[in-house]
Amino acid sequence: MMALSLLSYDVSDLCLGKPPLRCLSASSSSVSDAIAALKFSEDTFLSVWNCNHDDNDVTECECLGKISMADVICHLSKDHDYTLAALNAPVSVLLPKTRSLVLHVQPSCSLVEAIDLIIQGAQNLIVPIQTKPFTKKRQQNDKVSVTTSTHSNGRRFCWITQEDIIQFLLGTIAAFSPLPAMSISDLGIVNSTHAILAVDYHSSPSAVISAISSALVDQTSVAVVDGEGDDSFTSLIGEISPMTLTCCDETAAAAVATLPAGDLMAYIDGANPPESLVQIVRNRLEDKGLMGLLSLFDSVSPSSPSSGYSSDEESPTRTTSFGRSMSSSARMARRSEAIVCNPKSSLMAVMIQAIAHRVNYAWVVEKDGSFVGMVTFVDILKVFRKFFENNM
């Protein structure tokens, strides 16, 4: 059977063409360093390592986790009374406290073993890659940056994500017939509304921050629902996605700390927040005496280097939310409009939809608009893993 031939693949096959990871040192980098590195990185996530690459450092390099601007925003929004201290805190405070989301594997790790690790909770698999040796001069120049891609003994690494494995399986989807055409409800992979992260449209900032933090660990999103009326009929209004926040700059922490769920959706939706919401955020910061966050909120102006607008682009009135160095099309790529499917959607259709929107999940909504739940890449990988098991 063609599917059985896939058992011969290992993670090194998925590493082809992947660039080496840009890394931050857990011992020498601060939250402020992480912000600077994320703003000028093409990647939305950076890896954090336990090594600092001093000449006398013989510690075996190990990846401790990954961070994004969403982690920074949650950190600053929780610690808004001490913004300067929060910025100077070690980058390790951005890592999840519950469990590691990354695991080191050898290039010979099989595809099935990689799927098992993802199902067990890993988000990224760290794989050593073969690269051309670099001269000492090149390595020294690499140290000028906050981040580096070269570790002790000249080693470099890449990482494999859930999306990488799903894309690989999608490329060989014909081998798994009849799974691709089966509906997600028939496959039993829809998580009910009781098992997902959801907040009411009017939920407080503290409830939203808690939900976003959990979504970061689970690599999913936060549903914003209509909590009024009959509990048997819940409407999905939208979502607050950590992937949306990764496109923002650190000043979005002020909005997360002050706005209820519905207003926060509007704030982070699109390229720039409505000026009316900007003023609401400023007023609430002043009312609460959060002068540290207010100073941070007002620190990014349209003329700043991090505003992400080139001289030939139309400059907006403000770049509070989307100050990352990226094109206008990239800023518009992530919106708070939820990515939805229905229970009768085929497995293949949901995979394509999620990949197209660069997310690891899709919300499930009935034709009458009632909110059913969510399907994730992990749920989908469990289906493929069972297929392998039944046909081995």
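Helix α8 (residues 162-171) is largely enclosed by the rest of the structure, because eight of its 10 residues are buried (under 20% relative accessible area, with a 1.4 Å probe and protein chains only). Helices here are DSSP runs of H or I of at least four residues, strands are E runs of at least two, and both are numbered from the N terminus. The model is predicted: local features need pLDDT of at least 70, side-chain atom pairs count only at pLDDT 80 or more, and totals for chains, interfaces and linings use all residues. Residues are numbered from 1 along each chain as its sequence is written, and side-chain values use heavy atoms, without hydrogens and water.

The buried residues of α8 are Gln 162, Glu 163, Asp 164, Ile 165, Ile 166, Phe 168, Leu 169 and Leu 170. Their cover includes α2 (11-14), α6 (111-119), β6 (156-161), α16 (347-356) and α17 (377-391).

The largest nonpolar core has 58 residues. Such a core is a set of buried Ala, Val, Leu, Ile, Met, Phe, Trp, Tyr and Cys residues joined through side-chain atoms within 4.5 Å. Ile 165, Leu 169, Phe 176, Leu 347, Trp 363 and Ile 380 have the most contacts inside it. Helix α17 supplies the largest share of this core, eight residues. Beyond four places in sequence, Ile 380 touches Ile 166, Ile 189, Leu 347, Val 350, Met 351 and Val 375 (heavy atoms within 4.5 Å). Another core, of 55 residues, lies apart from this one; among its members are Ala 26, Leu 46, Leu 277 and Val 281.

Ser 370 lies in the loop between β12 (361-365) and β13 (371-376). Ser 370 counts as buried because its relative accessibility is 11%.

Note on methods: Buried means under 20% relative accessible area, exposed over 50%, partly exposed in between (1.4 Å probe, protein chains only).
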